[in-house]
Amino acid sequence: MNKTAIITGITGQDGSYLADLLLEKGYTVIGTMRRTVSDFEDKTKNISHILDSSNLILEEVDITDSSSIYQVVNKYQPDEYYNLAAQSHVGTSFKTPVSTTDINLMGCLYALEAIRLQKPDCKFYQASTSEMFGDNTVCPQGLGTHFSPVSPYACAKLAAHHMVGTYRKSYNIFASSGILFNHESPRRGENFVTRKITKAAARIKLGLQKELRLGNLEAQRDWGHAKDYVKGMWLMLQQDKADDYVLATGKTNSVQDFLDYVFDFAGLNPKDHVVIDPKFYRPCEVPKLWGDPSKANRKLGWYPEYDFKRLAIEMYEEDVRQAT
Ligand code: NAP
Ligand code: G4F
């Protein structure tokens, strides 16, 4: 029998790739998005290729509005619920700490309550994050590593992460948390550093831009491809028991490494174009993220197909195509 899954944040990077995967698997996908002033075409650009699918239903939900979550759970009685919607930009969370916490913590809690009260056998996935390790530079970071969040974003995500564990233990709800390290793609938002770099390199190469303004180039991240990571999310909900997992490539690179690799591939010299702008520094930085995905390898059979270089090239080439 076909399964029904709710994906919150379907218009974002991960939501769109997960929708592709679940539709391929024959699911009915209930994709939720919130109304904003940006027009529908712009808002749905990541899912424009599946909008005609008869198995995709879009619903208007703001995850800070508990009533809108209860209505959609009650209406569709889903088998699976993927909570991907979030204010996902760490830098922005310092400017909007209250709304970030409202979305990233309460959105998770409302969903858990909706499931507990209306569909207790629904399997729940929470988008947790390596940002929860914060300034703990013990490496590689895995399930036993101490959390040390250093942004409103990470604090809210950590509280949500603990809420998931609490609902699992208290009510026996199938609620799993994926602690995902950074994952990128051509669908990545343009204000995240990888996409900012690949888009700028493409535009500089085509003579459409001269300068790229960046912040801290020393930070290190474990970067993978979102397409690989959504497979891991799905696998987590196909297990017999709910649990927490880390998804990562197990390798780390600095922002400077990413910049150098993309510019070199494009035949450009970063020194001719990059300006360091303090505007992009954060009040507190996460210096080094490097994940240990061994439990996901062992228990889920999950291994990423993309490495850092293949990811960077795919993003750059797509940005060249879009700018041409
Ligand atoms: P993304 O591209 O920023 O997508 C987030 C989505 O959430 C957008 O569609 C956004 O829609 C929606 N949203 C925001 N606030 C909402 C609200 N109040 N109600 C309903 N929808 C709302 O993020 P992503 O990279 O796909 O990440 C997916 C999830 O994984 C997020 O929870 C993120 O925090 C987490 N995560 C991401 C990474 C990563 O490296 N990508 C790593 C670890 C964890 P609007 O257009 O309306 O804002
Ligand atoms: O691309 P970023 O904004 O990603 P960040 O902060 O690591 O967060 C992303 O990954 C998390 C998982 O670890 C997710 F939970 C979160 O939702 C998001 O997807 O920044 C990466 C690094 C940072 O150290 C930042 O300070 O790049 C540095 N950076 C340097 N210049 C910049 C810039 N970041 C941005 N966004 N813009 C810059 O100009």
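Q: How do the residues of the shell around ligand 1 divide into nonpolar, polar and charged?
A: One sorts each residue of the shell by its class; in this predicted model, the shell around ligand 1 holds 10 nonpolar, nine polar and six charged residues. Of the 25 residues around this ligand, R34, K43, S88, Y153 and K157 come nearest.

Q: Which polar side-chain atoms lie by an oxygen or a nitrogen atom of ligand 1?
A: A polar contact is a pair of N or O atoms within 3.5 Å. A polar side-chain atom of S88 lies 2.7 Å from an oxygen atom of ligand 1, while one of R188 lies 3.2 Å from a nitrogen atom of the ligand. Taken alone, ligand 1 exposes 900 Å², of which the protein buries 88%.

Q: Which element gives the largest share of the shell around ligand 1?
A: The elements that give two or more residues to this shell are α1 (13-24), β5 (123-129) and α6 (152-171), and the largest share, three residues, comes from β5.

Q: Which atoms of S88 and K196 lie by an oxygen atom of ligand 2?
A: Backbone and side chain are to be read separately here: for S88, a backbone N or O atom lies 2.6 Å from an oxygen atom of ligand 2, whereas for K196 an N or O atom in the side chain is 2.6 Å from an oxygen atom of the ligand. Taken alone, ligand 2 exposes 710 Å², and the protein buries 96% of that.

Conventions. Residues numbered from 1 in each chain as written. Chains lettered and ligands numbered in written order. Predicted model: local features only at pLDDT ≥ 70, side-chain atom pairs only at ≥ 80, totals over all residues. Heavy atoms only, no water. Near = heavy atom within 4 Å. Polar contact = N/O pair within 3.5 Å; in protein donor to acceptor, adjacent residues only side chain to side chain. Areas by Shrake-Rupley, 256 points an atom, 1.4 Å probe, with all protein chains shown as cover. Helix = DSSP H or I, 4+ residues; strand = E, 2+ residues; numbered from the N terminus. Nonpolar A, V, L, I, M, F, W, Y, C, P; charged D, E, K, R; others polar.
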